[in-house]
Amino acid sequence: MHDFTFDFDSVSPNVWIAKEEVWKENLLKLSNWCQIPLLNSNASHNLSDGKLVRFRGMVQDMHNPEFYFEKFEVYNTATNEVTIKSGKYCDTAHILENEKVNYTENLKSAQRQAMVVVSLPGLSEWAQQLEDEQNHLKHLDQQPNTSKRLNSNATLKLKRSHDEAEENPEAMDVVDNSVLHKEPKTTEVIDSETSAVSREHLLNFPLPDVNSKSCIVKIYGEADNLKLNDMIEVVGFLSVDPALSGEFQPDKNCFLEPDCENNAETITHNPPPSLVPRIHAVFVKKLDHCNPLLGDVFDQTPVLQEANSAREHLLKALTELLLGDQLAAEYLICHLIACVYLRQDTLALGQFCLNLSNLPTKKYPNYAKQLYDIIKQFVTKSYYLPLTIDNLNTMALLPKKDYECNRLTSGILQLSKHTHLVLDETKMEQGRLDSTGVGNITALGNMITTQKVEYDFKYYKMEFDSDIKVLILSEGKSLLPSDYHVPLRPEESSLEIFDAIVEAATYYLKEDIMNTVRKYLTNLKLVKYTISEDLQFVEDDFIEMRSQSDTENPVTADDLHRLLVLARLVSLSRGHDTLNKECWNITRKMENDRQDRIKNRVVSAF
C-alpha cells in the first residue's frame, strides 16, 4: 500500500480542497496516523499555521454556527488579474496590499459548526505517557515558534457570527497587518469595564486541578451526531494566527449596534490561539475508548480467552489491598468493568455504584487515597474527590450556562463515558453544608441513581446522559445512594502490615501485568453480551427466593434486576459473553455473603 505520510505532512487547505474526496479516501487508508502531529502530545507553537494535525478529547461546549466565505473573488489592481479563493478550512485569507475583494460577484457563503474540545478529563498519567511515547514527534521541537512563521501580508478574517451575517450579509472584517506581529497575552486579559478574563476562565476545564489542553474545532457538513461529552478524534488544519485573539477584535459601538457581543464574550469566544488553537476538521470520529494499549479493531474472541488470566492477577492484587477481603475484591472488579449498556426510559441498565465501608481509617487515615492511587494505575480515566465540607460548599459540580460570556461553564461532573469517580467520605468532618453543599450532594445522588447530570441553564434545567462509575469509600454506610454496599472485613494480620502490602503490590504489578489488567478492564466494556433463552435456572431460583421471603425481607423484581446486573459482570469478568449456571451460582453466593455482612455488621475498631 502506498505510504501517504509525506503527502499529509505537506498538504495545505487549498491542495486538499482541489481533490477533497481523494484526500479523505487516502486518509482512511493511512495505516499510521502517528505521523500526523497530535496536539495532545506536541506543542502547537512548534507547528505552522495551516498544517494538518490531530486532537483527541471531549466535546465540552458548542458555539453558535459561523458563516464564512467558502468562495470569493480577489482583484489585483497592479496586474488586473482576478483569482478565486476559498475560505474553507481557514480563519484568515492573506490579501496583498494591491488586492481587493469583489463583494458583488462569485461570492458564496457557507456555515460551519464551532465546538470547544478539551483533552479527556481525568486521563490517567500512564495513559498520557503512553500516548506521548506513541505520538510525540521530536523533530518538531526544533521548529521555530509559529508566530515567527506567519505570512506578513494583510489578513482578511473569513468568519462572521450568525448575528453578524443576519445584520449585513456582505460584511467582512479586515484586520490590520500590524496585529500579526503583536505577541498575544495568554495569562490575563482585562477589558475596558474592568472585568478580568483569566487563563482558567478561557480554558474552562471540567477538573480544575488537572493539566489539560483545549481547542476550538470548526466542523464542516453534518455535526448532528456529535453531542456534549462525546469522546472524539479530529483531523484538521491548524489555525494559530495571533490576529484571531479577541484582544485584536475591532471595537464596536454598542449604542449603534445593540446586539453586538460584549468584551467578555468576544474574548471568551476568541481566546489567544497560542492558548486555544483552532482546528478546521476534515475528519471526525467518535471514540469508544481512550486506552492507548488497544488498537482500532476489537476482536472479542481473544479478549474472552485471556480474561480469566487477567482477572486472577487483578483479584490477587485487590484482595491484598483490601486487607485480605476477597469478597470486596470480587465486587470491586465487577465495578471496574461495569458500564451502562442500555437505557430504558429513566432506567440506566448496567449502572453499578459501589460503596466500600468499614475502612480502617483510625489506623490508616489515608487508606482511601492509598487505595485510589493503586486503582488509578489500572483505569484510563479517573478522579479522586474528597467529600470535605469545604469542597462540597465551594466546588462547582454541575455545568452552568454563563449568559454574560455566552458559553457553558464546565463542572466536575461534566465527564466523558467510562470515567471512574472515587468519592472519599472518610475525609468528611463536622460542619454545616450551605445551599451549594446541599445542591452538590443532591447532584451526586441524582447522577448515581439515574446516570444523568442536570445542566443549569438558569431559566431551565436540562439532563444529559452520563456513564460515570462511582466508587464511594466511607467509614459507615454512605450518606449517598449506592447499588451495592460492601462493608470491609479486614484480616488482623493484613492490618498490621498494610504499608508492606502496598509496597509488595506495587512490586508484583510489573508493567506487563499492569498492561494486561489495563487492557482487560477496557476490553470487557466493549464485549457484546447476549442473554441466553435457556435461563430456567434463574427463573427457578427466583421463585424459590420469593417463596422463602417474608414481609420484613421481601424479594422484589428490583432484587432480580440487581442479581442479573451482577451476574452479567461476574460472567464477563471470567471470560463468558453469556450467563451460565456456574456464574449464576457464584453471583447468588456473592449476594448472600454481602447481605449477611450487612445484617451482622459491627462498628470498625480500627
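Let's start with a hairpin: strands β22 and β23 form one, with four residues between them. In its turn, lysine 458 has a positive phi of about 70°. A word on terms: helices (H or I, at least four residues) and strands (E, at least two) are DSSP runs, numbered from the N terminus. Two strands pair if DSSP finds at least two bridges between them.

Now the ground rules. This is a predicted model, where local features need pLDDT of at least 70, side-chain atom pairs count only at pLDDT 80 or more, and totals for chains, interfaces and linings use all residues. Residues are numbered from 1 along each chain as its sequence is written, and side-chain values use heavy atoms, with hydrogens and water left out.

β22 and β23 run antiparallel, joined by five bridges. Lysine 452 stands opposite aspartate 465 in β23. Is β22, residues 452-456, mostly covered or mostly open? Covered: four of its five residues are buried. Buried means under 20% relative accessible area, exposed means over 50%, and partly exposed is in between (1.4 Å probe, protein chains only). Tyrosine 455 is buried, with a relative accessible area of 0%.

Next, rings. The whole structure holds 16 aromatic pairs. One of them joins tyrosine 455 and phenylalanine 464, 4.3 Å centre to centre with 40° between the planes, which is tilted. The cut-offs: rings of Phe, Tyr and Trp (its six-membered ring) pair if their centres lie within 6.5 Å; planes under 30 degrees apart count as stacked, over 60 as edge-to-face, and the rest as tilted. Elsewhere, Phe8, Trp16, Trp23, Tyr68, Tyr89, Tyr220 and Phe237 form one aromatic cluster.

Some rings also carry a charge over the face. Arginine 112 lies over tyrosine 68, at 4.5 Å from the ring centre. Lysine 369 lies over tyrosine 384, at 5.5 Å from the ring centre. The test here is NZ of Lys or CZ of Arg within 6 Å of the ring centre and within 35 degrees of the ring normal.

On the surface, Tyr403, Tyr459, Tyr460 and Met462 form a nonpolar patch. Together they have about 450 Å² of accessible area. Areas come from the Shrake-Rupley method with a 1.4 Å probe; for residues, only the protein chains shown count as cover. Patch residues have over 30% relative accessible area and no salt bridge; like charges are joined within 9 Å, nonpolar side chains (Val, Leu, Ile, Met, Phe, Trp, Tyr) within 5 Å. Methionine 462 lies in strand β23, residues 461-465. Methionine 462 is partly exposed, at 36% relative accessible area.

Now salt bridges. How many does a search of the whole structure find? The count is 29. Each is a side-chain nitrogen of Lys or Arg within 4 Å of a carboxyl oxygen of Asp or Glu.

Take lysine 29 and glutamate 25: their closest N and O atoms are 3.3 Å apart. Both lie in helix α3 (residues 20-29), four residues apart, about one turn of the helix. Lysine 29 is partly exposed at 38%, and glutamate 25 is partly exposed at 45%.

Glutamate 233 forms a salt bridge with arginine 54, with the closest N and O atoms 2.8 Å apart. Glutamate 233 lies in β13 (residues 231-239) and arginine 54 in β1 (residues 52-62), so this pair ties together parts 179 residues apart in sequence. Glutamate 233 and arginine 54 are both buried. Arginine 56 forms a salt bridge with glutamate 233 too, at 3.3 Å between the closest N and O atoms. Arginine 56 is in β1 and glutamate 233 in β13, so that pair ties together parts 177 residues apart in sequence. Arginine 56 is buried as well. Shared partners join Arg54, Arg56, Glu131 and Glu233 into one network.

Last stop, β21. Six of its six residues are buried. Thr419, Leu421 and Leu423 lie on one side; His420, Val422 and Asp424 lie on the other. In a regular strand the side chains alternate between the two faces of the sheet. What are the neighbours of β21? β18 (residues 382-386) pairs with β21 in the parallel sense over five bridges, and serine 382 has histidine 420 as its bridge partner. Six bridges join β21 to β24 (residues 468-473), also running parallel. There, aspartate 424 stands opposite leucine 473.
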